[in-house]
Amino acid sequence: MPSTQELQDLVIQVRRDILRMVHKVNSGHPGGSLGCTEFFVALYNEIMELKDGFNMDGNGEDLFFLSNGHISPVFYSVLARRGYFPIDELNTFRLIDSRLQGHPTTHEGLPGVRIASGSLGQGMSVAIGAALAKKINGDNHLIYSLHGDGELQEGQNWEAIMYAAGNKVDNYIATIDLNGQQIDGSTDDVLPLGDVAEKFRVFGWDVLEIENGNDLEQVIAGLKEAKSRTGKGKPVCIVMTTMMGNGVDFMMHTHAWHGKAPSDEQLETALAQNPETLGDY
């Protein structure tokens, strides 16, 4: 397993990848991507049990589904640096005929991507289906998913949340990225979510919280704890508090960078705050 320092170096390099991808095409979603960098690095390099190579059926390994697909830059960077496809393919982000579209899709055949996730609110339903398929197939591996907090304003989530608990889908861990921001402002201003953790508990889930989702060690510990709670009759939810735009001072504490690319000068400033560690693509 990689050391803590190696994982920290990867976090910084992934931030650079995110910033450079979005800047090059003047399009994309850096804020949420930066806020979830530690989560993705931990999940793919410390937590999930993965096979070499990629097969869409996913038998005999853990699976991950990204529901809030607009944070594709962090997903693509971590997949590439985990070896799913060449790192230099990050140069093609959002270009015509690229496999790395703004929202992940499946018809391009990009290794690591199992569902299209442009429309919000659907990822949990897909993940539950995959978890049930694992049970039917006698596969003891786990299903993981990630969801934005603003995404929970979509009603389909709550049907899925109720279904998972009612059917004891206990091989499933859903993480909620609680950054308090969405495209039009703070979640409290757009449509308050209330106590997200308590809502999941009332719906019958086993819930734990990660107070600082931008602390790599906290994220790893939280994911390991969640994993230990599977198989006990309840789906598991992690409510993970993060900072949108984490690691770039002028992108933090605001929703403004939900879907906005940095200028040349802003990119230079942001990259200076995240010095190259593992080599740029």
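**The sheet and its helices**

Cysteine 237 in E7 is the bridge partner of alanine 174. The model is a predicted one, in which local features need pLDDT of at least 70 and side-chain atom pairs count only at pLDDT 80 or more, while totals for chains, interfaces and linings use all residues. Residues are numbered from 1 along each chain as its sequence is written, and side-chain values use heavy atoms, with hydrogens and water left out. Element names follow DSSP runs numbered from the N terminus, with helices (H or I) of at least four residues and strands (E) of at least two.

Strand E3 (residues 172-178) and strand E7 (residues 236-241) run parallel and are joined by six bridges; two strands are said to pair if DSSP finds at least two bridges between them. Isoleucine 176 faces valine 239 in E7. E7 also pairs with E6 in the parallel sense, over five bridges, and here valine 207 stands opposite cysteine 237 in E7. Of the six residues of E7, five are buried, so the strand is mostly covered; buried means under 20% relative accessible area, exposed means over 50%, and partly exposed lies in between (1.4 Å probe, protein chains only).

These pairings belong to an open sheet of five strands in the order E1-E2-E3-E7-E6, with parallel pairing. E1 and strand E6 (206-210) stand at the edges with a single partner strand each, so one side of each has no neighbour in the sheet. From one strand to the next, the twist averages 20°. In general, strands of a sheet pair through backbone hydrogen bonds, either parallel or antiparallel.

Phenylalanine 64 is found opposite tyrosine 144 in E2. Both faces of E1 are covered, with Leu63 and Phe65 buried on one side and Phe64 and Leu66 buried on the other. Helix H5 (residues 123-136) lies across E1, E2 and E3 and runs at about 175° to E2. Such angles run from 0 to 180 degrees between N-to-C directions, and axes are lines fitted to C-alpha atoms, for helices over the stretch in contact.

Which helices pack against helix H3? One is helix H4 (residues 72-81): H3 (residues 37-47) packs with H4 at an angle of about 30°, and their axes are 10 Å apart. H3 is therefore roughly parallel to H4; angles under 35 degrees count as roughly parallel, over 145 as roughly antiparallel, 65 to 115 as roughly perpendicular and the rest as oblique. The crossing of H3 past H4 is right-handed, a term for the near helix being turned clockwise from the far one by less than a right angle, whereas anticlockwise is left-handed. In this contact (heavy atoms within 4.5 Å), Thr37, Phe40, Val41, Tyr44 and Asn45 of H3 meet Val74, Phe75, Val78 and Leu79 of H4. The residues involved are seven nonpolar, two polar and no charged. Ala, Val, Leu, Ile, Met, Phe, Trp, Tyr, Cys and Pro count as nonpolar, Asp, Glu, Lys and Arg as charged, and the others, Gly among them, as polar.

H3 also packs with helix H9 (residues 216-228), at an angle of about 55° and with axes 9 Å apart. The two helices are therefore oblique to each other, and their crossing is right-handed. On the H3 side the contact is made by Glu38, Phe39, Ala42, Leu43, Glu46 and Ile47, and on the H9 side by Leu216, Val219, Ile220, Leu223, Lys224 and Lys227. By class, this contact of H3 with H9 has eight nonpolar, no polar and four charged residues.

H4 has a further contact with helix H1 (residues 4-25), packing at an angle of about 125° with axes 9 Å apart. H1 is therefore oblique to H4, and the crossing is right-handed. Leu10, Gln13, Val14, Asp17, Ile18, Met21 and Val22 of H1 meet Pro73, Val74, Ser77, Val78 and Arg81 of H4. The contact of H1 with H4 comprises eight nonpolar, two polar and two charged residues.

Leucine 278 lies in the segment after helix H10 (264-272). Leucine 278 touches Asp9, Leu10, Gln13 and Arg81, leaving aside residues up to four places away in sequence. The C-alpha atoms of leucine 278 and aspartate 9 are separated by 6.9 Å, although these residues are 269 apart along the chain. With 46% relative accessibility, leucine 278 counts as partly exposed.
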